[in-house]
Amino acid sequence: MRDVFELVRKNFKNLIRSKVGSLVVILGPLIVIFLAGLAFDNSNVYAVKVGAYRPDNVALTGQMLDELREQFSVTEYRSEKECVDAIKNAEVHTCMAFSPGFSVGVPGKNRVLFYVDYSRMNLVYALMKVMTEEVGEQSLQESQNLTKLLLDTIDFTQKRVQDERALLVQVTTQNEVLNQNVQDLLVELGDLNLEFDERLSVDELQKSKTQVKQWTENALTLGNKGLSKATSFIDAAGGLVKSSSASQDTKNSLIVSFKKSVDEIKALEADMASTTNLTRGAFSEFDAKMEKLIVGIQDTKSILSSADTSREFSVRVLDSMRLLLDQSLLSVLHVQQALNDIDERVGAIEIRDAEGIAQPIVTSIKPVVQQRTYLNYLFPVLIVLVVMFTALLMTPTLILLDRNSPAAFRSFLTPVSEASVVLASFITSFILVFVQLIVMLAIVSVFFSPDIVSNVPGALLVLGLASSVFVLLGMLIGYSFKYEETATLVAVSLGAVFLFISDVIIPLESMPEAFSYIAGFNPYVLGSQLLRRVLLFDVSLLSVLPELLLVAGYVVALALLVMGVYVLTRRYSLQEFLRDVRPVIERIRHRKK
Amino acid sequence: MAVVSPINESLSEHVHVLKGSREDTKKLLLEAGWPEQQVNDYVARTFKNVPNESVLSVHGVVKSFQDHKVLQGIDLDVRKGEIFGIIGMSGTGKTTLLNVIVGFLRPDAGDVLLSVGNSSVGVLKNASLVKRHIGFSTQTPSFYPKLTVRENLEHFARLYRLSGSDIARRSNSLLDLVGLVDARDVLAAHLSGGMQKRLDIACALVHDPDVLILDEPTADLDPVLRKQFWELIRKVNAKGTTILLASHFLAEIELLCNRIAILQNGRVVELGTADELRQLYSRNYELFLQTASKDYRSVIQHGRRFFYKFSEEDGELVIQTPFPERVLNVISSTVSRGDVVSLHISRPTLGRVFEAVVKR
């Protein structure tokens with residue numbers, strides 16, 4: 001360990017006394033992070049130039065452009081082609097072309113076409129986001145207005161329906177009452193017998209009248225006859241009495257009684273004659289009245305017949321009325337049901353505000369963490385990126401500076417173990433990277449976003465592991481190549497590979513599956529994702545343990561690999577090693593043949 | 001194989017050309033018919049500064065880079081306390097051999113053994129242990145330019161796991177040894193070339209290694225600094241550190257090294273002391289005669305049979321001969337003293353040996 005300490009001390013002395021090296025190693029990342037901080041410590045899209053083409057001077061498009069002018073520099077062009085050409089000439093970043101006669105909500109006239117330059121991918125996404133938000137906001141506003149109008153109408157309709165529904169109920173009730181009345185009337189009319197009793201036959205009445213007259217005449221005649229006969233009888237009786245042996249007194253009494261009876265019969269006969277006269281007069285009157293009665297009966301019969309006809313007509317009319325009333329009631333009930341349904345449906349609409357309908361799902365993106373600037377979001381990716389390139393470039397440079405220094409041979413001659421040399425190189429580079437990290441974190445925390453580093457221990461652990469991986473990769477490059485230029489090229493290439501197979505340029509999810517799978521093992525991706533989770537989401541280290549163990553596995557595997565490569569290349573360069581190995585491979589091939 | 005030259009005994013001090021170990025030399029001389037006493041005296045005299053104990057042994061080391069075989073079976077021993085030199089043309093595998101020795105390069109075949117205590121340990125299998133006993137200074141100084149002189153020393157001392165007090169003591173001692181006391185707090189990058197070289201040596205010595213390996217240590221130094229550096233190497237060696245020195249500066253190797261190995265095409269083609277190598281590849285002495293008359297016909301006529309080669313260059317007769325005494329006799333008998341302008345006799349330099357090896 002003493003050797004390691006001595007080698008590390010020597011490395012630092014050499015580094016510190018090499019002015020250019022010190023500047024590059026120490027100031028380089030600081031400048032990078034400072035510039036990155038200045039560049040990303042905002043949440044705006046500055047200096048975005050928007051081109052616009054309006055075929056006609058619609059007020060709405062002018063209003064939209066005015067609102068865009070609040071955030072962007074907007075230039076209007078006379079044609080769509082000019083606008084598109086302006087993108088090609090880098091005069092503007094995007095071109096928005098409005099439909100002719102632009103109008104909200106009118107199909108074919110409500111279109112805004114955006115032209116973007118996809119070769120500026122990052123800007124495209126930023127532009128699309130911002131422009132979509134801006135135009136979408138205006139579109140939403142219009143949509144809300146229209147929806148509000150619609151909703152007001154619906155509300156009005158519902159209110160009217162609710163108001164008029166009572167009237168409809170009243171109509172229904174009245175209809176039902178009417179129906180019932182009609183039905184009762186029908187029953188009444190049905191029960192009404194207007195048929196003339198044929199027993200009251202006029203002919204028979206005539207006959208009866210004639211018979212009564214006859215009977216009366218007969219009775220009168222018979223009466224007169226009886227009275228005559230009674231007088232005759234009394235006269236006869238008187239003659240008898242006179243002729244009788246009865247005492248005279250008795251005969252006189254009898255004759256007096258007879259006489260009195262004859263007087264009475266004669267009075268009766270007078271009365272009879274009077275009665276006959278009266279009866280005949282009365283009968284004439286009766287006959288006249290009977291005639292009138294018969295005429296009346298006949299009239300009544302005729303009236304009753306026509307009344308029955310009317311009744312039957314009325315019954316039919318009432319039947320049809322009842323049917324119509326039933327139908328009407330049914331219709332009213334249907335209308336009522338429909339109004340109920342309308343009311344129910346309208347009542348069932350929970351969202352009654354235009355904003356809620358026009359934008360049923362509010363798609364505003366809320367950050368899961370309370371960060372505000374791009375630097376906050378980019379910081380994990382950025383810091384691991386800086387660590388990666390710093391470690392990949394600085395470590396081989398340091399190693400090759402040492403290996404190619406005049407003292408390399410003498411160092412080789414010292415009885416220092418290979419493990420000590422490797423460990424010393426690792427510690428030197430690691431300390432440098434880590435010190436830079438600390439300084440970068442401090443700069444970012446102090447000058448840019450104070451809340452950027454929340455989980456310091458976790459972040460340091462992740463950064464420590466990530467730094468170790470990249471330092472070891474740098475060592476691998478440093479020990480594998482002889483010349484600094486070659487090593488630098490390889491380091492840059494390796495860094496580029498890590499960068500391309502990561503989610504910095506395009507999301508992992510949009511890559512082919514195989515690429516995405518491979519990218520999952522990319523130490524840069526692992527490091528940045530771990531740091532993002534730890535820094536931005538403040539997750540516990542236990543929840544990212546598998547990823548941490550994977551990175552730790554990388555560290556162990558790379559350490560062994562670096563050791564192996566160092567042992568092989570300490571005496572030989574890689575080329576020499578390959579040359580020595582080549583005969584062995586040839587031999588193996590020969591054996592296989 | 002050792003070769004013994006049939007040289008006049010009177011010049012034996014310079015003409016015994018031997019290669020190999022003390023025992024090999026003795027054996028070969030005896031086989032060549034030398035009297036045993038004379039052989040013993042010779043061996044004792046020749047190897048008087050050369051310890052017999054091997055501290056570093058290279059056995060059959062082969063190393064290829066792609067299809068190019070850089071080392072093709074290197075065998076050599078470095079003895080304790082000696083300064084062992086390796087020379088060779090560029091690309092002959094000197095640095096590769098040193099890298100294999102310190103374990104920086106793995107040989108395709110062969111092994112390198114280092115004596116640690118009473119045992120020999122393989123460099124590759126005991127890299128950590130071996131590193132504690134070997135110091136290495138490369139052609140390009142190897143230290144951290146952004147650290148001060150003291151920080152560099154202390155850094156490497158700590159990596160060699162010296163205790164705190166030892167670090168300070170050792171650093172001070174080395175600063176004193178390499179003459180960088182005044183520059184101890186200066187950034188290494190701000191040192192001059194010579195000082196950087198000395199700092200590199202100090203760094204290589206910080207853990208007090210048994211063997212110090214120097215690869216082209218004076219390649220970038222001016223003659224003055226180079227001489228200072230040679231002094232430093234001698235001082236280090238005087239403290240008991242075995243030094244393995246690879247250089248293409250033949251004078252440096254000749255001056256400093258007890259023994260020298262010549263590498264050619266990935267092999268050790270010659271190994272021995274400087275004298276031995278000179279004898280092996282150039283038995284001839286060189287005589288440079290310049291007369292006022294510039295007429296050398298008589299000398300050539302009478303002395304031709306003793307000449308190996310001769311030439312006239314700029315009025316001067318250059319004679320290469322294995323029998324300088326006889327040629328001198330001929331000159332003295334054929335050229336009057338008054339006519340002699342100059343007469344020089346010299347042994348062949350290591351450079352000529354090296355050239356001979358390369359030409360071969």
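**Two chains in a predicted model**

Chain A has a mean pLDDT of 78, with 83% of its residues at 70 or more; pLDDT is the confidence of the predictor in each residue, on a scale from 0 to 100. This is a predicted model, in which local features need pLDDT of at least 70 and side-chain atom pairs count only at pLDDT 80 or more, while totals for chains, interfaces and linings use all residues. Residues are numbered from 1 along each chain as its sequence is written, and chains are lettered from A and ligands numbered from 1 in the order in which they are written.

Helices (H or I, at least four residues) and strands (E, at least two) are DSSP runs numbered from the N terminus. In residues 364-369 of chain A the pLDDT is below 50, and this stretch has three contacts in the model beyond near neighbours in sequence. Two residues are in contact if their C-beta atoms, placed from the backbone, lie within 7 Å. Where pLDDT is low, the predicted coordinates should not be read in detail.

For chain B the mean pLDDT is 81, and 89% of its residues reach 70 or more. For the complex, the predictor gives an ipTM of 0.71 and a pTM of 0.60.

Chain A contains 17 helices and four strands. Of its 593 residues, 24% count as buried. A residue is buried if 20 or more other C-beta atoms lie within 10 Å of its own, exposed if 12 or fewer, and partly exposed in between, with C-beta atoms placed from the backbone. Among contacts in chain A between residues at least 6 apart in sequence, 78% join residues at least 24 apart.

Four strands make an open sheet of mixed pairing, in the order β2-β1-β3-β4 (chain A); two strands pair if DSSP finds at least two bridges between them. Strands β2 and β4 (112-116) of chain A are at the edges with a single partner strand each, so one side of each is left without a neighbour in the sheet. From one strand to the next the twist averages 25°. Strand β1 (residues 49-53) of chain A pairs with β2(A) in the parallel sense over five bridges, and A:G51 has A:T75 as its bridge partner in β2(A).

Two helices meet this sheet. Helix α3 (residues 59-69) of chain A lies across β1, β2 and β3 (94-98) of chain A and runs at about 145° to β2(A). Axes are lines fitted to C-alpha atoms, for helices over the stretch in contact, and angles run from 0 to 180 degrees between N-to-C directions. Helix α4 (residues 80-88) of chain A packs on the sheet, where it touches β1, β2, β3 and β4 of chain A, and its direction makes about 165° with that of β3(A).

In chain B, strand β1 (residues 54-65) and strand β2 (residues 68-79) pair in the antiparallel sense over nine bridges. One of the residues involved, B:K63, has B:L71 in β2(B) as its bridge partner. The two strands β1(B) and β2(B) form a hairpin with two residues between them, and B:Q66 in the turn has a positive phi of about 55°.

Chain B also has an open sheet of four strands with antiparallel pairing, in the order β12-β13-β11-β14 (chain B). Its twist averages 15° from one strand to the next. Strand β12(B) runs antiparallel to strand β13 (residues 316-321) of chain B, joined by five bridges, and B:E312 stands opposite B:L317 in β13(B). Helix α13 (residues 324-334) of chain B packs on the sheet, touching β11 (285-291), β13 and β14 of chain B.

Finally, the two chains touch. The contact takes 19 residues from chain A and 25 residues from chain B. Helix α1(A) supplies the largest share of the side of chain A that touches chain B, six residues.
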